[in-house]
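User: Hi! I am new to reading protein structures. Could you walk me through a few features?

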Amino acid sequence: MKKNVGKLFVVLMLLFQSIPVAECAQAITTESEQPHGQQVAVSSEALKESTTVSDNGNSTTPSQASVLKPSASSQSSTTVPTAKSSSSSQSLEQTTTSTHEETKQTVSKASAPTPAITKGINTDIEREETPEILINYEEELLEGFDSAASYELRFGNKNKISVSNVVSYKITEEMFGKVWKIVRLGNGQTTQESLAQDLTIGWRQQLPEVSITVEDETEKDKNDGKLIGVDAKMQYRKQGETDWLQGASSGIVENLGPGTYEVRYAANHGGDKFASLPIKKTINPGLEREETPTIRINYEMELLEDFDPEASYELRFDTNNIIFVSNIANYKITENMFSKVWKIVRLGDRQTTQESKAQNLTIKDRQQLPENFIKVEDETEKNKNDGKLTGVGLEMQYRKQGETDWLQGASNDRVENLGPGTYEVRYAANHEGNKFASLSIKKTIKPGLEREEAPAFTIDYENEKFLQLDPAATYELTEIPVFPLREKLNKPLEILPGYSTYQITEEMLGKKWRIVRKARSAEFMDSQAQDIYLNQRFNISAETFTAIKETSPGAGDGKLKNVFKNTQYREKGSPTWLDGETHGTVEHLPEAVYEIRYKGDTGQRMFASEIIEVDLANGLIQKIKPEIKIDYERELLYDYLLNEQYKTASYVIDHWVYAPQPKNLEVPITEEMFDTWTCINIEE
């Protein structure tokens, strides 16, 4: 038998219908009955699908006719080349023998009564077109089915889903996270099932429960609950509603009423992502709030007013600064409450009401009164009671230590006629200006001694000296700060007895000085102060002055122009300053470097200016002044010089008329030149 069928190639195409064993034998064609080179192989696996192996190893035919379905391997081997070598022939013979034996076994085991066969084996049956099913991630659908066709979705041996007469199919939860093989089924007559489309249905996105937090409604009917962590990639909806809403770009969904909300990652069709399963978050309803406090500040009495005596309150600055207030209408402001913004809440009973919204109340700092802002003038003489507090204006108050009532300061900022003693001074409270009183500072007016005579210095601006000093006295000069303040002031200067004048130094200029005659003994007191401001030197510009060099070396006819009587000059290195000229031109100067300054002037209270240097050697070159004469008889201008270029111009009505260059050192007088000015210059 093996010999007879050694080169037999058989294809059994039992597609979707049962074939009786008797006719199955008729469908076997030997090699001699087939055209040469057109043999087809029979898949043993396909044949085996039509049998069931029992426990004793015998094959049995199912009660209904078995259907042999083509596999991918059988489809791919529809044509087998003829054997040309012993090895290939032997392999083919073994395959054919095995197949034949299996076929024989199946046929021999079939029972006589079998269902009628509707179609024989057809080796030319076509495959259905391979499906191209797509996933709609947002609607969770498989799309692209032909509504006139039937399909089967397969995952393993136990997961099969039939789809028929629809264009789309809803993805169910058990379908996620699997690779499905999708085939389009044949009609069993003219077509067989398609090749499988492998379609991966990924898992849903995962949304951790802890990633979404909730802020409950703050008060009843406020609808200000929040879902935190719900960004634009997510969706949310209130439980029971249909439509999903997109999350917020900030990650915080606001203005939500109480209730349970569902949150999920949104599907992303472009990113091939399914929506996550929703998680549920509940926003609890808020309690009704107590009425927001309206506490006011009494700046003069330093009280917080308008508390409800029947209510309780908390004043909060931070966790370490909380003040409980209950059953009072007013509360005294203590020192640790200044310069803070307090949140004041009316407390609820926590059953039907919650605490009120906070009233933000700024308790400003007290006004600050610098210690050195208030000056004291002691009693000038014993029992004279002419002490003064300087700097105490109308916005301030003062009182003698030990007294109760505060007195208002003075309009001129000087409280006068005060006896010796210690005084308290402060800024007054100003209710309209929302200002508390400052803490008071203390100033002491000392009892008077016999006072030294006040200095009466005068200034010699020309010689830069203080005059009218008492040679028997000691003086102290203290620099007074002026704006803009310098980082460091000069140390006080002391003028010892024995001098009637004092030389002003460069470092003293541009500053204000306080001059005091020091007490000669313990029975005397320092004099009243004399304040003097020493002006800075004026600036001087070198461009103001013109230097004209000598006409020839050693001529000694150099000049300085614009050096008037208020100006001084000297040759550099000379100790002596010389005054300028009334007409402003200093002549007959040898070429040298000269120093120039504006001189000091006591009448103008002006020190000598800064010094500038002018080098006569770098001055202008002197030009010869034209000395042209008129020849009235010949009506000529004459005495022009050789080799000089002249400009001769006459001003006629509203314009200049220029004469030609001299000819034979003469220029004719024209009619336009009569009764007008004619200017003659030697050009550069």
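User: Which residues make a nonpolar surface patch of about 340 Å²?

Analyst: Before that, a word on the source: this is a predicted model, where local features need pLDDT of at least 70, side-chain atom pairs count only at pLDDT 80 or more, and totals for chains, interfaces and linings use all residues. Residues are numbered from 1 along each chain as its sequence is written, and side-chain values use heavy atoms, with hydrogens and water left out. The patch is made by Tyr651, Trp656 and Tyr658.

User: Is Tyr651 buried, partly exposed or exposed?

Analyst: Buried means under 20% relative accessible area, exposed over 50%, and partly exposed in between (1.4 Å probe, protein chains only). Tyr651 has 36% relative accessibility, so this residue counts as partly exposed. Tyr651 lies in strand S53 (residues 646–652).

User: How do strands of a sheet pair?

Analyst: They pair through backbone hydrogen bonds, either parallel or antiparallel. Strands here are DSSP runs (E, at least two residues), numbered from the N terminus, and two of them pair if DSSP finds at least two bridges between them.

User: Why is strand S17 largely enclosed by the rest of the structure?

Analyst: In S17 (residues 259–265), 5 of the 7 residues are buried, so the strand is largely enclosed. S17 pairs antiparallel with S14 (residues 234–238) over 5 bridges, and with S18 (residues 279–283) over 5 bridges, also antiparallel.

Conventions:
Helices (H or I, at least four residues) and strands (E, at least two) are DSSP runs, numbered from the N terminus. Patches are made of residues with over 30% relative accessible area and no salt bridge: like charges are joined within 9 Å, nonpolar side chains (Val, Leu, Ile, Met, Phe, Trp, Tyr) within 5 Å. Accessible areas come from the Shrake-Rupley method with a 1.4 Å probe; for residues, only the protein chains shown count as cover. A salt bridge is a side-chain nitrogen of Lys or Arg within 4 Å of a carboxyl oxygen of Asp or Glu.
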